[in-house]
Every structure is written in C-alpha cells, then in structure tokens.
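Colleague: Hi! Could you walk me through this model?
Modeller: Happy to, here it is.

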Amino acid sequence: MKKIKLFLLSLVALVVTPVVAQDAFPPLPIDKEVRIGKLPNGLTYYIRHNEEPKGQVNFYIAQKVGSVQEDDNQRGLAHFLEHMAFNGSKHFPKDGQLIKYCESIGVKFGENLNAYTSTDETVYNIDNVPVKGSNIDSCLLILADWSGGLLLEKEEIQKERGVIHEEWRMRSSAVMRILERRLPELYPGSKYGHRMPIGLMEIIDNFEPDFLRAYYKKWYRPDLQGVVIVGDINVDEVEAKVKSILGAVVMPANAAKYETYPVPNNDQPIYVIDKDKEMTMTSLSFMFKTDPMPEEMRGTLGEIMQNYLLSIITQGINARLGELAQKENCPFLNAGVNYENYLLSKTADCFSVSLTPKPGQDAAAVTAVMAEIQRAAKFGLSSSEVKRASENLISNLEAIYNNRTKQKHNFYTTQYVRHFLEKKGIPSVEDEFDTYKMLASMINAEAVNGVIQELTADTQKNFVFLGMYPENDNTKVPTVEEMKAAIEAGVNAKIEAYVDNVKAGPLVAKLPKKGKIVKTSSADFGYTQWTLSNGARVFFKKTDFNDAQVLFQASSFGGSSKFAEKDLTNARLIEPVMESVGWGGFTATELEKKLTGKQASVSAKVSNYSESLSGSATPKDLRTLFELIYLRFQNPMNDVDAYRTVLNTLRTALENADKNPQKAFGDSLRHTLYGNNPRKAQLSLDDLGKADYEKIKQLYAQRFDKGGDFDFYFTGAINEDSLRTFTEQYIASLPAVKKREAYTKLNLDARKGVVENRFERKMETPQAMLIQVWQGNQPYSLKEAQVANVFGAILTKRYLKSIREDGGMAYNVGADASLSYGVKDLYSLQIFAPFTPEKVDSVLLLMDQGLNEIAKDGVTSEELNEVKQFEHKEYEESQRRNGYWQGLIAAKNNWGKDGRKGYLEALDAVTSEDIKTFVNSVILRDRNRATIIMLPQGVMQKK
C-alpha cells in the first residue's frame with residue numbers, strides 16, 4: 001500500500017497544478033447540502049434535505065463498535081445487543097412498544113426498521129418515516145434510546161436467546177461452517193480470527209444479564225456514534241431537535257479506550273483448503289492482502305484516483321477472464337477479480353481473485369487464472385481496454401449525475417454512514433462526476449498498469465489461498481502442495497501480451513424498411529397508444545420521476561403453453577441460453593465490447609402463458625435499446641462457445657445441488673403441490689443430457705417470430721420525437737400478424753384437500769423448515785384483494801409475537817395472503833418458518849391458533865391501523881415509480897384489471913369483519929392445505 005501511495009502521489013502531480021500538488025492529496029470539497037456537526041457529548045450528526053421519496057425521512061445511527069470489540073468470553077454480545085435494541089428502552093419500555101409505535105406510523109419492522117452487526121460496526125435504521133405530527137421527535141427519541149437508553153431486562157434477554165440461536169441455525173451454511181472452522185488460520189495472530197458476529201452459542205445461551213449491560217455501557221456512547229438524517233425536512237429545525245434530544249445523551253466518564261485492530265502481515269503464504277457435505281460447488285479464491293487507504297488520503301483526490309484506477313483494472317481483467325471462459329478448452333467456468341475488504345475486516349484490504357473450476361480441473365483452472373493475472377501485470381491493459389473501462393465508468397456516473405436532483409434518501413445515507421465510520425469522501429454529485437471526467441482525460445494505460453504490478457507482485461508475503469469443496473465420493477480435494485504448485489505454475493507461465501480483438505460494424509447491420517404509426521389515441525393511466533402498421537401496439541408515458549431512466553417491456557400471449565410436452569426439456573433452457581449468447585452477428589464477448597459506455601439492456605422470458613421482453617436505458621441510449629429490441633426478434637447468433645459455457649456452468653451447479661437441504665425442501669414443496677406435472681418441473685441434470693442448441697433456438701424463434709403480435713410499453717424520461725422515430729424504424733418494421741395469438745389453457749392446478757409431507761434429512765447443522773400453502777379458486781375483486789393483503793400482514797405480526805418473540809422458536813416467520821388474477825382467479829395463503837426442530841408441534845399449534853383466532857374474533861383496530869398506515873405510505877411512494885405505472889397499463893391491457901381506481905378507498909374500507917369473513921369463507925372453506933415440513937434426521941424417532 002505504501003508503494004501505491006507513492007505512485008498516487010506522482011499521479012496527483014500530473015493532474016493538478018503544482019501549487020495544489022504541494023498539499024500531498026488535495027481534499028475534495030464536502031457536499032455543501034449536508035450539514036455536519038458534533039455535539040458537546042461527542043456525537044456526530046449529518047442532516048440533509050432531500051425530496052425523494054417526498055414527505056419521508058430516513059434516520060440512521062452508526063456505532064463504531066462490532067464483534068471485534070468483544071473479549072473472548074463476550075463472543076456474540078455485540079450482535080445480541082443489536083437484537084435487544086428493539087426489546088425495551090427508556091422511552092419505549094414495554095415489550096414490543098418501539099416496534100408497535102413504528103408500525104403505527106407506517107414503518108414496518110424488518111423492512112423499514114432494522115439493524116446489522118459486523119466485526120467493526122453496528123448500524124440501526126428507521127427508513128421511510130412520514131414527515132408529519134411528532135414522528136421526527138419520536139424517531140430521535142428512539143435514536144437516543146439506542147445510543148444510551150436500552151433497558152436490557154432479564155426476561156427480554158431470556159426470550160431473545162432462542163431467537164439468536166435460530167438465526168445461527170438458519171445462517172449455518174456450508175460456507176459459513178468452513179469459515180468458522182478456518183478463520184483463525186486466515187487471520188493468524190488477529191482477533192478477527194475469532195470474531196464471527198453471530199458469536200458462540202454456549203455464550204449466547206448462558207451469559208448473565210449484567211454481563212451484557214456492562215458491555216453496553218462500555219461501548220455504546222456518543223463519541224463512537226454518528227447520526228444520519230436525510231429526508232423531506234427543514235434542516236434547521238431538525239438540527240435544533242438533534243441538539244436538544246441527542247445532546248442530552250450522557251458521555252460516560254473515564255470511557256474505555258477505543259482501539260482498532262490492524263490485521264498482521266503474513267510473511268509466508270496462507271493456504272486453507274476445506275470441504276463440507278452440503279457444499280454444492282467448488283469455490284476457489286486467492287487474495288493479495290494490502291493495507292487499506294490511509295485515513296489522511298480518504299476524502300481527497302487520492303481516494304477518487306484510487307477508485308478510478310481500481311475500477312479500470314477490475315473491469316479490464318474481468319473482461320479478459322470472461323472472454324477466456326467462453327473458450328471450449330478453458331479449465332474454469334467463471335472467474336473474476338475485485339478490490340475489497342479482506343474477508344471480515346475493515347483494517348485490511350485485498351485484491352481478490354475468485355474462480356469456479358470445471359470438475360477435475362482445479363489445478364489447471366488456478367494456473368490459468370493466475371497466468372492471466374500475470375499477463376495483466378507484465379504487459380498491462382491495452383489503451384483500448386482502458387478506454388472501454390473508462391467509458392463504462394463515466395457512463396454509469398453520468399446516469400447518476402443526470403438524475404442528481406431526484407436521488408432517493410438512501411443514496412445519501414449510505415455515503416454519510418461510510419464517512420462517519422471510515423472517513424470516506426462525500427463530495428457533491430457534480431464535483432465527483434467532474435473529478436472522474438478529469439481523471440479519465442488525463443490518466444493513461446501506463447498509469448493503470450503500474451498499479452496492477454504493485455497489487456499482484458507478491459505470491460508469498462500477504463498472499464492467501466482459500467479453497468472450499470463439496471465432500472463426496474465424486475470430488476477429489478487437492479492438497480495444499482498441489483495448489484501451491486498450481487499458483488507457481490501460473491506465475492511462471494510463458495505468456496504473451498493480450499490481443500484486444502474488437503468487432504467493428506453497427507449493431508443492426510442492415511436497417512429494416514420502416515413501418516408506420518397508423519393511429520394515435522389516449523390510453524389508461526395517462527399513456528398514449530400508437531397502433532402500428534404491423535399490428536403491434538406501443539404505449540408510452542413521459543414521467544419526471546427519474547431523469548436517467550426509460551423502462552421498457554413487451555409481451556404477447558402464448559408462452560410455453562404452445563410447446564408440446566416433448567419440448568419442455570429444451571424449453572427450460574431458453575432463458576439461460578438466450579441470455580448468454582450473442583445477437584446481430586456479434587458473439588457474447590463481441591457484443592459486450594460493442595455496448596461499451598451504453599446504458600441499455602434487454603432480456604427475454606418465456607412463461608406458461610406469455611413471452612416477454614424487459615429492459616431499460618438512459619434517454620441518450622434510447623436508440624441502442626431499440627436496436628437490442630429489434631435484434632431479439634431476429635435469429636440469435638450461433639454462439640456455440642457461449643452455449644457450451646452455459647451448459648457447463650449449469651451442469652456443475654446441478655451436480656451437487658441435492659446436497660443442499662434447501663434444494664430438497666423446494667423439490668418436496670413442488671412435488672407435494674403438483675406431483676409429477678412436467679410443466680411444473682425444474683431444470684435437472686438429466687435435462688442437460690437432452691439439450692439441443694438448434695431446438696432451443698427454434699423454440700425461442702417460434703415465440704418471438706412476429707413483433708406485430710406484441711404490446712410494447714415505454715415509461716420514463718422520454719423524448720417523444722425520438723421514440724416515434726425509433727418505433728417506426730425498429731418495431732413497426734417487425735413481421736406482422738393477421739390475428740393475435742391466444743394462450744392454451746394448461747392443467748397447473750395444485751392438489752386439493754389436506755396434504756402433509758413431513759420428512760427427515762441428514763444435515764450438517766440440524767435445521768427445520770416449514771411451509772403451509774392454502775390455495776384455490778376465488779373470483780378477484782380489488783376490495784377482496786385488499787382484505788387478503790391486510791389479513792396476511794396481520795397474521796405475520798401475530799406469528800412474530802407468538803412464535804419468535806414469546807416462544808423463541810424461530811428467527812423469521814411470516815404469512816402472505818393474496819388474490820391473483822390471470823388465466824384463473826386464485827386465492828393463496830402461504831405461511832413459512834425455519835424453526836427449532838424439536839418444537840415442530842408447538843410451531844404448528846401456534847400457527848393454527850393464530851389463524852383460528854382471527855377466524856373467530858377478527859382483528860383489532862390497532863392492527864388494522866398499522867397495516868393501513870404502511871400500505872398508504874407504499875401507495876404514495878409508488879406513484880413516483882416508473883415500474884408502478886408500467887405494471888398498471890400492462891395489467892389493464894392483458895387482463896382488463898384496474899389496480900389504481902378505488903385502491904385507497906378499498907384499503908380504507910377493510911374491516912375486522914371483512915377479514916373474519918375472508919378467512920372463514922375463502923381460506924377455511926374447502927381446506928385446500930398443503931404442509932411441507934423438513935426435519936433433521938432423528939427428530940421423529942425422539943418423539
């Protein structure tokens with residue numbers, strides 16, 4: 001890192017005036033729109049007025065405290081404390097009172113109200129708070145309570161132990177188990193090797209309450225806390241409230257010394273190779289550790305310069321690795337590089353390389369990827385590669401710049417949290433964009449390549465290799481010596497400079513003969529409809545929600561309902577294959593280079609009853625969007641290399657997929673509901689043996705052969721003249737149809753009656769999962785749909801209280817109820833929970849009780865108000881989303897349903913009696929209930 005710092009210093013001298021360069025790294029001006037202050041008690045605050053979403057405000061409190069501050073006998077307390085922040089505090093002392101208050105103003109727990117704990121920090125948030133009444137004052141009181149007013153009562157601590165235990169159980173995946181076992185070797189001599197935030201369950205289950213209280217008093221204090229408030233607010237007024245409410249938090253006397261923990265250098269390379277029975281794919285990575293950017297460089301030109309250089313480097317090398325992966329004889333399926341924190345720690349960075357080898361080619365894959373890194377280090381990136389990467393970066397930043405007055409609150413809250421915790425720069429969007437453009441015009445390939453050499457020079461000191469493997473009879477796990485030899489072979493490989501082949505020519509080689517717009521008329525929801533000469537219809541709406549976005553979709557009835565059963569195997573491969581091959585005479589690799597600097601994309605989907613396209617673009621790239629749309633109606637490129645790569649990747653993913661308990665649970669769910677219905681089957685390993693590229697292309701072409709059969713939708717920052725020109729050139733010119741196609745009805749009904757599938761499975765970490773599905777036919781109405789939605793939200797609240805909070809039997813539990821329309825009108829209620837295996841009957845009992853209580857007594861006015869407040873807020877926010885309007889017009893055209901007219905009236909009209917009637921006359925009417933329960937091996941025998 002010291003070498004890179006010196007290198008950056010020399011670059012600074014090239015891009016700024018000599019006078020400014022005397023200040024080693026000239027500071028970037030902080031965005032003048034954010035007000036930053038520090039209270040006498042040491043607490044830092046950031047306040048900014050921002051107007052999207054309108055009428056809302058976000059609150060964050062960041063703590064410079066995480067699991068690395070724990071002593072050995074405190075492992076897990078930082079994360080436990082985060083949970084307890086919601087279970088009783090000075091101003092919200094009763095169990096669940098804080099959550100209940102937030103939900104009463106439309107702030108939903110787990111969605112708008114949340115927190116996370118990592119090794120180095122703990123961050124709490126209250127998002128999307130309506131700016132009205134006393135909400136701002138109340139949320140500041142919550143921040144003050146989190147800062148220093150938690151009660152940490154014994155009874156609440158006891159209940160939360162079970163919740164934490166279930167979170168640990170739910171998160172105990174193959175990767176996490178390997179990391180927990182081997183972290184001490186990956187962090188020799190460092191606390192980080194023993195500080196997974198979830199902690200040790202023997203400590204979680206047994207610590208005394210005073211132990212947690214002491215930890216809280218020691219580390220939760222104003223000098224380690226930063227508050228971020230961004231929203232549709234008056235900054236002066238909010239600042240005064242912050243000073244009054246948060247300024248009253250007491251800074252403890254004789255506070256403990258706060259320390260950070262640098263990650264020691266490793267003078268010898270570290271190689272860690274491990275396996276797990278539930279690992280489904282081999283995952284290999286190697287890391288070149290570096291020091292993080294020195295604090296004095298953050299918030300300066302040096303930070304932006306480093307970000308620019310690293311973006312160019314990672315883009316350039318990743319493009320090469322992606323191109324190499326397309327070749328048939330390549331030993332890896334995919335590979336990529338990144339610059340990031342070293343594993344769990346913010347006090348060490350790394351240039352990381354990750355790859356997935358083809359089965360049995362581990363050493364060859366490692367050698368090939370290392371050789372590619374060495375090629376970049378020895379010969380550098382070419383000028384054309386640097387230019388492409390720079391154009392992509394500037395294009396992304398330009399989209400942010402063009403929409404700078406309409407960025408959402410979280411765009412800023414994230415930056416300010418990082419500024420407080422890490423001193424990262426927070427320039428204005430304008431200053432940042434101008435700085436990057438300046439760097440792009442002045443930094444050449446030679447400068448970029450010097451950094452590559454520094455980052456990847458040493459495969460001994462501060463070099464770390466991590467291999468994670470499936471444990472089974474079919475997978476040979478290599479030794480450390482074999483992987484060392486593979487790395488060495490890559491370092492010493494005979495390599496030549498990369499040749500950057502770029503295919504010239506336009507995306508659309510020959511423009512089609514233009515069609516015409518034959519009719520213009522008004523459509524629903526403020527859209528304009530164009531009827532084209534080929535029969536296609538175009539619906540568009542100009543909005544001012546996002547100045548850098550045009551959303552697109554197109555759809556036509558038919559879908560896989562038009563495929564014979566014998567073709568379903570290849571039909572399941574349409575999407576992964578068609579999204580990976582080239583178009584318009586360009587292979588996948590050539591197309592990626594061709595689209596350099598373009599913010600435009602289109603993808604295809606074939607569902608049961610329709611085929612569709614979706615995508616987006618910035619206004620300046622609208623032509624490119626239309627070209628991509630046009631190409632999707634042509635024959636796909638015969639990109640055999642890309643096709644083979646897709647199949648190899650799918651094969652590797654599926655070979656060990658059954659080792660994952662989640663896969664077994666999903667398969668059991670589908671089989672229980674749909675039996676062996678081939679139209680509900682998922683892609684399998686057997687399917688790949690029957691794959692036929694020509695047939696896949698044929699099936700795709702069959703569904704996308706006539707553009708005149710489609711409706712096209714465009715919503716966003718539209719220039720109507722450009723839209724008209726491109727519509728006539730690229731859509732009206734597509735083949736016409738005499739009559740629009742209809743779908744063919746399929747038998748996709750779920751089994752009727754009461755069905756239970758309770759099965760056991762051997763697992764590395766005993767886990768249990770349950771899902772209960774109630775579904776059947778029910779006529780759709782907007783009012784009844786609102787009743788169902790409100791019912792599901794209230795049922796979730798009750799289950800969280802009874803099963804999670806009171807019972808401590810689950811970390812996550814919920815219910816979702818809905819009415820849907822389409823080929824059939826259906827009702828659905830899905831109840832789900834990962835839970836304590838031994839408590840399966842208790843969980844089922846509480847689920848039944850929750851449902852039956854509502855069926856008997858309905859719901860409370862308080863519960864109704866909480867859900868309606870949230871739904872009102874969501875509705876108001878949705879009015880300024882392009883996707884909301886596009887969904888409305890598509891639903892109206894396809895199914896004749898108006899999802900907006902009378903929406904709020906229907907929501908407000910929902911009563912307890914409505915919900916009670918819905919549960920009894922719809923959900924419980926025909927008892928169509930399927931229950932799927934997966935238990936760890938041996939649980940049933942214990943009963």
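Colleague: Before we start, what should I keep in mind about the numbers?
Modeller: This is a predicted model, so local features need pLDDT of at least 70 and side-chain atom pairs count only at pLDDT 80 or more, while totals for chains, interfaces and linings use all residues. Residues are numbered from 1 along each chain as its sequence is written, and side-chain values use heavy atoms, with hydrogens and water left out.

Colleague: And the element names, where do they come from?
Modeller: Helices (H or I, at least four residues) and strands (E, at least two) are DSSP runs, numbered from the N terminus.

Colleague: Okay, what's the strand order in the open sheet of six strands?
Modeller: The order is β1-β2-β6-β3-β5-β4, with mixed pairing; two strands pair if DSSP finds at least two bridges between them. β1 (34-38) and β4 (113-117) are the edge strands, each pairing on one side only. On average, neighbouring strands here are turned by 10° against each other, direction ignored. For angles, axes are lines fitted to C-alpha atoms, for helices over the stretch in contact, and the values run from 0 to 180 degrees between N-to-C directions.

Colleague: How many bridges join β3 to β6?
Modeller: Seven, between β3 (residues 56-63) and β6 (residues 225-231), which run antiparallel. Phenylalanine 59 has isoleucine 229 in β6 as its bridge partner.

Colleague: Which strands does α5 lie across?
Modeller: Helix α5 (residues 135-148) lies across β3, β4, β5 (122-130) and β6, at about 10° to β3. Helix α29 (residues 861-878) lies across β3 and β5, running at about 80° to β5. Contact means heavy atoms within 4.5 Å.

Colleague: Switching topic, what's the order in the sheet of seven strands?
Modeller: That open sheet runs β12-β13-β14-β18-β15-β17-β16, with mixed pairing. β12 (517-522) and β16 (600-606) are at the edges with a single partner strand each, so one side of each has no neighbour in the sheet. Neighbouring strands are turned by 15° against each other on average, direction ignored.

Colleague: How does β16 pair with β17?
Modeller: β16 and β17 (residues 610-617) are antiparallel over seven bridges, and alanine 604 has leucine 613 in β17 as its bridge partner. Helix α21 (residues 622-632) packs on this sheet, touching β15 (550-557), β16, β17 and β18 (711-716), with its direction at about 30° to that of β16. Helix α30 (residues 882-895) lies across β14 (537-542), β15 and β18, at about 155° to β18.

Colleague: Last one: at what angle do α13 and α15 pack?
Modeller: Helix α13 (residues 383-402) and helix α15 (residues 429-442) pack at about 165°, with their axes 10 Å apart. Residues in the contact include Leu393 and Ile394 from α13, and Phe433 and Tyr436 from α15.
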